[in-house]
Amino acid sequence: MEQGAAVQAAAPPAPPTVPAESPGDWIRKNLFSSVGNSIVTVLFVLIGYAALRWLVGLVLDEERNWAAVWTNMRLLFSYTYPADQYIRIWVSLGLTLLMVGLTLGAFASQVRLSLGGLLTRIGAAGLALLVLAIVHMVDLFGLTFHSPERPVVVMLVVGAILAAIGFGGRQAVGAGSDDERTVPLFAVVAGGALAFVLFLWLVPFGRYEAIGGDVIAEPGTVNFTTKFPWTIMMALLVGGYLAGLAARAITGSTAFRLFLGLWWVAGPAFLVFLVLRDPEFDWAHIWSTDLPMALGFAIGGGALLYFLSAPGRGEVARIAGAVLLLYAAFNWLAAFGDLNLPGLGTINWQWYPFASPPAGVEGTSMLQKARISFLLLALVALIAPNFAGELRTRLRFVGAWAGFMLLMHWLITGINTPSTVQVVQPPFLGGFALTLVIAYYVMLASFPVGMMMALARTSKMPIFRVLATGYIEFVRGVPLITVLFFFANIVNLFLPNGMELSDLGAIFLGYTLFSGAYMAENIRGGLQSIRRGQFEASDALGLTTVQRTAFIVMPQALRVSIPNLVGQAIATFKETSLIAIIGGFDFLRVANQSVPSQPGFLGQNLPALLFISVIYWIISYAMSRGSRSLETRLGVGTR
Amino acid sequence: MSQDASMSIADAGMSAELAARDDVIVCDGVKKWFGDFQALRGVDVTVKDREVMVVLGPSGSGKSTLIRCINRLEAHQEGRIIVDGIELTNDLRNIDKIRSEVGMVFQQFNLFPHLTVLDNITLAPIWVRKKARSEAEKRAMELLERVGIPEQAEKYPGQLSGGQQQRVAIARSLAMEPKIMLFDEPTSALDPEMISEVLDVMKDLAREGMTMVCVTHEMGFAREVADRIVFMESGDIVEVGTPEHFFTNPTEDRTKLFLSQIL
């Protein structure tokens with residue numbers, strides 16, 4: 001004891017003080033440490049300088065007509081969506097931003113960013129602008145100096161201001177204190193929104209020139225029709241954030257999380273198909289037929305599921321599920337109408353109410369809903385025993401089914417109702433909106449596809465394994481364009497009369513199946529990294545295979561796969577440009593084809609291409625950074 | 001009475017009081033092959049209610065295989081294993097039932113690294129026993145109290161020492177309120193200074209009357225706690241006896257050799 005006290009009392013030896021390295025020392029040590037290193041450094045600087053000069057020249061070139069971008073913003077982002085209906089786009093964007101804010105408030109309320117790091121980044125951005133401007137002005141190879149034109153002056157001024165704010169602020173909060181000084185994410189988001197709004201309202205764009213002795217000063221800010229809605233958008237984002245913070249304090253419940261999750265799955269489809277597309281609902285038909293059918297499936301199916309989820313009804317549920325599955329398959333078969341079997345004569349389905357009507361007869365949306373609902377009911381009946389238990393568990397299960405049925409019937413009805421929005425070319429979405437919607441839903445849907453396929457491929461059951469391996473290897477061996485062509489052109493030939501795959505549907509289905517195969521391989525890599533002890537421990541505790549997969553194996557496998565999954569998601573996002581090949585006007589095609597074919601901007605495709613490159617890069621980089629922070633956040637348990 | 005011959009080996013070393021208790025685990029001629037290698041060569045052993053049985057033997061003698069067969073992490077190929085009156089067959093329902101009655105503690109702990117200590121403990125009670133979360137958490141805190149680390153409840157396994165992890169693993173098994181606990185070399189992966197904290201928990205358990213089968217190399221523990229000691233070699237049970245008999249007066253040569261090597 002005394003010895004221990006003595007040791008504690010003695011001051012620990014101070015670490016040797018390392019003298020701070022001067023920038024000159026750092027350069028000598030890292031860039032000019034040897035002859036070879038010096039040559040590499042000089043070469044790299046020269047090549048970098050030349051590349052930057054070329055890039056800045058590309059942007060600031062006199063022939064570059066940047067009006068091709070600024071006047072075509074709506075075309076680039078929403079293609080030919082009619083201007084008189086534009087309020088629909090603002091409503092959709094506003095709701096989305098509100099939900100982004102709400103989600104951030106609910107889930108990222110604790111996230112704080114390092115103030116020093118933020119300021120350093122602002123300063124670095126300013127410094128980069130200054131460097132670019134100077135590189136543009138000073139021609140080292142020709143040893144000349146360009147007097148700065150107006151954009152370069154703007155770059156110099158803005159760069160200087162940003163650098164001063166960044167590095168000055170960094171000095172003010174104290175160097176080396178970036179670990180201690182943090183600001184909440186909310187402050188950063190709100191500050192960014194405020195800065196954007198101020199930028200829109202206060203920065204005097206317009207003409208400022210001195211010709212001869214006359215000084216022309218025509219201040220003008222951004223159009224009211226642009227800056228007013230954007231102000232509301234930013235207010236919604238910040239308001240949503242505040243509401244999320246408040247809601248978290250009030251509820252913090254699973255119900256709230258469930259609502260958010262449901263929104264992020266179904267919400268965007270709701271916005272696209274029911275708000276942007278504005279279907280022309282036939283209300284009489286809805287009250288007389290659509291709604292009763294939806295309620296029938298919700299209540300009737302719910303009653304069946306309630307019965308099947310009673311404890312000890314596992315066998316009954318499996319039999320019921322199998323019977324329903326057969327019935328659903330029969331429905332799909334009947335959909336093909338009269339079946340001509342060589343040598344056996346014709347099978348006539350017309351007596352059957354769910355058979356497709358003869359060619360030329362309308363009104364098959366009801367049949368599709370019935371077929372899909374029966375199929376889903378069969379699948380849910382099969383998993384019903386997993387929800388056996390107390391009354392509350394069963395009621396929650398049945399409630400989820402009923403809610404899902406109503407939502408699904410509503411969406412399908414909307415999708416199958418003709419749109420009132422007049423567009424130049426279907427699908428009614430185009431530009432960035434099309435790219436974003438397709439990328440979002442393909443990523444979302446290919447995830448469960450990939451998970452299922454990865455599990456099937458590692459399953460002990462040979463049939464699953466063979467099917468999954470065949471699917472994955474086949475799809476990975478075929479170009480995406482082929483898959484898209486197949487779904488856009490050929491699948492319709494095999495569909496029964498009265499059913500047809502829309503352009504959006506074809507893109508979505510084909511691309512999801514394609515991306516799912518890659519997701520499956522990424523997740524399989526994660527599955528294989530799970531140690532055997534995890535399986536044994538789960539088994540020893542008596543967990544069922546489904547529980548083991550859901551709670552123990554998958555969470556760990558997905559965590560390992562995050563970098564690969566995000567890489568795949570980024571690739572999916574960028575490769576959406578391939579939908580141009582089957583007729584979609586995506587972001588890239590609008591920039592490369594629609595903009596430069598306008599009379600005013602003939603051949604001017606570079607500005608728009610540079611512009612969309614920046615947008616693509618920002619989103620991809622954000623995903624990449626997001627994955628890294630997700631990894632660190634989830635990595636807590638695996639240290 | 002053809003079973004008499006085997007019963008005499010299986011029941012060896014039992015006091016009259018112990019012999020009078022109910023059988024909890026009965027192994028009858030259990031054989032197990034890994035490919036061509038025979039890991040168990042017809043093991044006969046009976047574990048009684050509230051008995052603590054320690055299984056000793058050199059590595060590769062089939063000790064771990066035997067207790068892994070008891071909750072069917074490995075499937076035996078011949079013979080019968082009856083746990084708590086239920087025979088282990090390929091019927092999945094029996095296996096799930098037995099696994100929820102039998103707790104197991106592994107050499108490598110096998111905690112779930114992505115879940116907190118509390119979630120590790122409450123997962124199975126909530127999903128297998130269908131307990132309410134609040135009830136499961138209350139019980140989990142009691143168990144953590146019992147193994148001496150209630151303050152670690154919100155941490156992740158990776159943040160704990162080996163000894164603490166193993167104690168969490170024991171608490172996780174106990175949360176299922178098992179009738180039997182199997183320990184597969186629970187202290188072999190631990191640093192020496194952490195072994196006693198795990199053994200203390202196991203001794204408490206034994207004192208409270210848990211039926212336990214322990215594969216271990218801790219002779220002190222075996223001597224202090226075991227009702228009977230089983231010595232295995234090459235997939236066979238060589239000798240069964242009370243600790244006193246085993247450590248002071250072993251009959252078999254191989255047992256003597258083993259003891260001389262490790263003591």
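Guide: Let's start with a word we'll need: contact means heavy atoms within 4.5 Å. Keep in mind that what you're looking at is a predicted model.

Visitor: Okay, let me try that on one residue. What does A:S38 touch, leaving out residues up to four places away in sequence?

Guide: Leaving those out, A:S38 touches A:L31 and A:F32. You'll find A:S38 in helix α3 of chain A, which covers residues 35–60.

Visitor: And is A:S38 buried or exposed?

Guide: Buried means under 20% relative accessible area. A:S38 comes in at 19% relative accessibility, so it counts as buried.

Visitor: Now helices. At what angle do α7 and α8 of chain A pack?

Guide: Here's the general idea: two packed helices are described by the angle between their axes and the distance between the axes. In chain A, α7 (residues 115–137) and α8 (residues 150–173) pack at about 150°, and their axes are 7 Å apart. That makes α7(A) roughly antiparallel to α8(A). The crossing is left-handed.

Visitor: What classes of residue make up the contact of α7(A) with α8(A)?

Guide: That contact has 21 nonpolar residues, eight polar ones and one charged.

Visitor: What about sheets? In which order do the six strands of the open sheet in chain B come?

Guide: In general, strands of a sheet pair through backbone hydrogen bonds, either parallel or antiparallel. The open sheet in chain B runs β6-β7-β8-β3-β9-β10, and its pairing is mixed. At the edges stand β6 (102–105) and β10 (236–241), each with a single partner strand, so one side of each has no neighbour in the sheet. On average, neighbouring strands here are turned by 20° against each other, direction ignored.

Visitor: Let me zoom in on β8(B). How many bridges join β7 to β8 in chain B?

Guide: Five bridges join β7 (residues 180–184) to β8 (residues 211–215), and these strands run parallel. For instance, B:M181 has B:M212 as its bridge partner, and B:L182 is partnered with B:V213. β8(B) also pairs with β3(B) in the parallel sense, over four bridges.

Visitor: Which way do the residues of β8(B) point?

Guide: B:T211, B:V213 and B:V215 point one way, while B:M212 and B:C214 point the other way. Five of the five residues of β8(B) are buried, so the strand is largely enclosed by the rest of the structure.

Visitor: One last thing: which strands does helix α8 of chain B lie across?

Guide: Helix α8(B), residues 192–207, lies across β3 (52–56), β7 and β8 of chain B. Compare its direction with β8(B) and you get an angle of about 145°.

Methods:
Residues numbered from 1 in each chain as written. Chains lettered and ligands numbered in written order. Predicted model: local features only at pLDDT ≥ 70, side-chain atom pairs only at ≥ 80, totals over all residues. Heavy atoms only, no water. Pairing = 2+ DSSP bridges. Helix = DSSP H or I, 4+ residues; strand = E, 2+ residues; numbered from the N terminus. Axes fitted to C-alpha atoms, helices over the stretch in contact; angles between N-to-C directions. Buried < 20%, exposed > 50% of the residue type's maximum accessible area, 1.4 Å probe, protein only. Parallel < 35°, antiparallel > 145°, perpendicular 65-115°, else oblique. Left-handed = near helix turned anticlockwise from the far one by under 90°. Nonpolar A, V, L, I, M, F, W, Y, C, P; charged D, E, K, R; others polar.
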